[in-house]
Amino acid sequence: MARLQIDAVSKRFGADYAVREVSLDIADGEFLVLLGPSGCGKSTLLRMIAGLEQPSSGRIMVGGNDITDEAPQRRDLAMVFQSYALYPHLSVEKNIGFPLRARRRSRAEIARRVREVAGTLELSALLERRPAALSGGQRQRVALARAMVRDPGAFLMDEPLSNLDAKLRSATRAELIGLHRRLGATFLYVTHDQVEAMTMATRIALLNAGSVEQVGTPEELYDRPRTAFVAGFLGSPPMNLFPAEVISHEGTLRVRADGIDAALGLPGGPEAETAVLAGVRPERLRLDPTTTTAHGRVTMVENLGSEELVHVSVGAVELCVRAPRPAGVAVGEEVSLRADAADIHLFDPASGLRLS
Ligand code: ATP
């Protein structure tokens, strides 16, 4: 088992930073997900930890030992790739046992470990097959088994579910959560899929353009995003964000924009008159004909089966409301929207940083 420490790690390709001054302290037994949009540097960071890429600066520690300059095979880490990277000419059994054969372990030990790991991942009946004769989900389990066989201190996984169809992906997510619990090992998992991150992570590190935007539990990132980027990245559909002004009106602070006037539930002095980026999640907006918070016109209604997404044009702003179905509104209709003060997030429009 291993604690992973990443200390001010950067990677430059030419003049461009793929990863910039990233520091993370990942506790023994954590399931940390590196999340972010395509090109934000997730894979590069993981590859540096695995030893497949050399950092331009910074240090990487595993279990307190500096491994920045160690060869990949001397790091007590196992990597699972998106492509699985199985040997096509070897049986499942030989694929799983490969890391132990490479380390010249005894035949008896290899056979025992392969049997154990194959049992854990329900591969015992498939040991004679070649990878070409397996389904995507089975190949993915073989790749995991090969990573598990030598009992590494930490698992590094780069989008291991992205080649699976939606149903299998959701089943495998549950398997990975169970596996993490049983093994108690440190998992570092790269994905751009927020559902994977929200469901599996003990903590998420959200990357943007090579830097860490926020590290925290899934709930912390979702409920109290540190920046407008985090607010807009998590959630499907994402948080509604719109330019507004905070003003003091009759002793309370209010958020104002064209067509919007929402109380913030805070006492406000006369000095408050600040330009902000205001945010509210679609599931926190309600259609309510009695309210005066926001008025607009319905531009689109999307039926999701159990719910509807109602898009409402309010002044220059388009707001999305997630409502139980049927929402009972039609395109073109005038509607009023309501949000509780506690559900309104405020960000600095220049820096994107949370204001409250
Ligand atoms: P994705 O989700 O699309 O895989 P990512 O977040 O994993 O994206 P990286 O693959 O780490 O992103 O790439 C980060 C940035 O570094 C990108 O702009 C990419 O083009 C650049 N990059 C990665 N590898 C190299 C390389 N070998 N040479 C030059 N630039 C590279």
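In this predicted model, the centres of domain 1 and domain 2, taken over C-alpha atoms, are separated by 40 Å. Domain 1 covers residues 4-233, and domain 2 covers residues 240-347. Five residues from domain 1 and five residues from domain 2 make the contact between them. On the side of domain 1 that touches domain 2, three residues are nonpolar and two are polar, with no charged residues.

Helix H1 is largely enclosed by the rest of the structure, because eight of its nine residues are buried. The buried residues of H1 are Lys42, Ser43, Thr44, Leu45, Leu46, Arg47, Met48 and Ile49. Just after H1, Gly51 adopts a positive phi of about 90°.

**Nonpolar core**

The largest nonpolar core has 88 residues, of which Ile49, Leu156 and Leu188 touch the most other members. Helix H4 (residues 136-148) gives the most to this core, contributing six residues. Both domains take part: at least three residues of the core come from each of domain 1 (4-233) and domain 2 (240-347).

Apart from neighbours within four places in sequence, Ile49 is in contact with Leu4, Ile6, Ile60, Leu77, Leu156 and Leu188.

**Open sheet**

Four strands, in the order S2-S1-S4-S5, form an open sheet with antiparallel pairing. Strands S2 and S5 stand at the edges with a single partner strand each, so one side of each is left without a neighbour in the sheet. Strands S1 and S4 pair in the antiparallel sense over five bridges. Asp7 stands opposite Arg59 in S4.

| Strand | Residues |
|---|---|
| S1 | residues 4-13 |
| S2 | residues 16-26 |
| S4 | residues 57-62 |
| S5 | residues 65-66 |

Terms used. Residues numbered from 1 in each chain as written. Predicted model: local features only at pLDDT ≥ 70, side-chain atom pairs only at ≥ 80, totals over all residues. Domains from an automatic or database assignment. Contact = placed C-beta atoms within 7 Å. Nonpolar A, V, L, I, M, F, W, Y, C, P; charged D, E, K, R; others polar. Core = buried A, V, L, I, M, F, W, Y, C linked by C-beta atoms within 7 Å. Buried ≥ 20, exposed ≤ 12 C-beta atoms within 10 Å, placed from the backbone. Helix = DSSP H or I, 4+ residues; strand = E, 2+ residues; numbered from the N terminus. Pairing = 2+ DSSP bridges.
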